[in-house]
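Here is a short report on one protein model. Look over the chain first, then read on.

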Amino acid sequence: MAPTVTYADELTKSLRSVASTEHAVSMQRFFPHNIALLGVAAPQLRQVVRDFYSSHSHLNAEDVLQITELLLQNAKYNEEKLLAFSLLNKWTKKFYSDELLTKFRFWLENYANNWSLVDDLCLKTIYPFLLGRPYLIETIQPWSHSKVPWCRRASNVAWVKFIDRKIGRTHYQLRPELVFENCDTLLYDPHEYVQKSIGWLLKVTAQHHRRLTTDYLRRQGPKMPRSTLRYALEKLPDRKKLLTEIVAR
């Protein structure tokens, strides 16, 4: 393997070669605060990864993890971090030890600074990792106690796909009481995107555990920001009636 820095430099140069200032300006509207953007669209980023693997098919999972970590350590732009995560996605289900979960938390607490990085890491990288290790799914609950809001958001987002999921020949369901415990922990969280993650997790939970979730919302909903509550009720057919009832409590 060539020096890790050589591969990281190659990837960064490839990413910058397809960057667009116009696209960077356009993408800023999705973030409440300015973040450093190169202006690379998701399809272009995926193509950079495909081209890299096509040119370097000899790289193994450990090689890629080293490259990923170097990219994250030196990243100045949002897309460079997304690229680092994307590079790892194909390996996480079947490779690496359980200890990679510790690295995920470190990345969330030290490299994530917006919702897009959290959601991309959770739904595209951590998801297949946990899919291959369902016994670890519940162990991320302590993330909800992190000092970093992006890690607290991840404690909900990483569970969204496991509310009800077929894993191999088994049918996995995350325990609803664990979902509600997590939401209770974060109930008064002041961070907007943590609150949005509560609504998202409850919205998905309500689709599979409607009675339990509506009972929870009747009990705790009056304490939630209205936007969180609306998001949680979004997929329920009687959402308007429930919203009125809960707000009146």
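A helix here is a DSSP run of H or I with at least four residues, and helices are numbered from the N terminus. By that rule, Cys183 sits in helix 9, which covers residues 176–185. Keep in mind that this is a predicted model.

**The whole protein**

Start with the overall build. The protein has 13 helices and two strands. Its radius of gyration is 20 Å, close to the 18 Å that the globule rule gives for 249 residues, so the protein is as compact as a globular protein of that length. Along the principal axes, the C-alpha atoms fill a box of roughly 65 × 45 × 30 Å.

Of the 249 residues, 53% are buried. Take the contacts with a separation of 6 or more: 68% of them join residues 24 or more positions apart. The accessible surface is about 12400 Å², and carbon and sulfur atoms hold 51% of that surface.

Charges come next. The protein carries 36 positive and 25 negative charges.

**The cysteines**

A disulfide is a covalent bond between the sulfur atoms of two cysteines. How many disulfides does the structure hold? The count is zero. Cys151 shows the reason in its own case: the closest cysteine sulfur, in Cys122, is 8.6 Å from the sulfur of Cys151, too far for a bond. The cut-off for a disulfide is 2.5 Å between the sulfur atoms. Cys183 is in no disulfide either, and its nearest cysteine sulfur, again that of Cys122, is 15 Å away.

Are these two cysteines buried or exposed? Cys151 has 0% relative accessibility, so Cys151 counts as buried. Cys183 also has a relative accessible area of 0% and is buried.

What does Cys183 touch, leaving out residues up to four places away in sequence? Its partners are Ile198, Leu201, Leu202 and Tyr216. Phe106 is another matter: Cys183 and Phe106 are 77 residues apart in sequence and 22 Å apart in space, C-alpha to C-alpha.

**Two helix residues**

Glu22 is part of helix 2, residues 21–27. Its relative accessibility is 67%, so Glu22 counts as exposed. Gln220 belongs to helix 11, residues 210–220. At 9% relative accessibility, Gln220 counts as buried, because the cut-off for buried is under 20%. Gln220 touches Asp184 and Leu187, with residues up to four places away in sequence not counted.

The table sets out C-alpha distances for three pairs.

| Pair | Apart along the chain | C-alpha distance |
|---|---|---|
| Glu22 and Arg219 | 197 residues | 47 Å |
| Gln220 and Leu178 | 42 residues | 15 Å |
| Cys183 and Phe106 | 77 residues | 22 Å |

**A loop residue with a positive phi**

Most residues other than glycine have a negative phi. Tyr96 is not a glycine, yet its phi is positive, at about 75°. Where is Tyr96 placed? Tyr96 lies in the loop between helix 5 (78–88) and helix 6 (100–110). With 14% relative accessibility, Tyr96 counts as buried.

Note on methods:
Residues are numbered from 1 along each chain as its sequence is written. This is a predicted model: local features need pLDDT of at least 70, side-chain atom pairs count only at pLDDT 80 or more; totals for chains, interfaces and linings use all residues. Side-chain values use heavy atoms; hydrogens and water are left out. The radius of gyration is taken over C-alpha atoms; the globule rule is 2.2 Å times the number of residues to the power 0.38. Buried means under 20% relative accessible area, exposed over 50%, partly exposed in between (1.4 Å probe, protein chains only). Contact means heavy atoms within 4.5 Å. Accessible areas come from the Shrake-Rupley method with a 1.4 Å probe; for residues, only the protein chains shown count as cover. Lys and Arg count as positive and Asp and Glu as negative; His and the chain ends are not counted. The place of a charge is taken as NZ of Lys, CZ of Arg, CG of Asp or CD of Glu.
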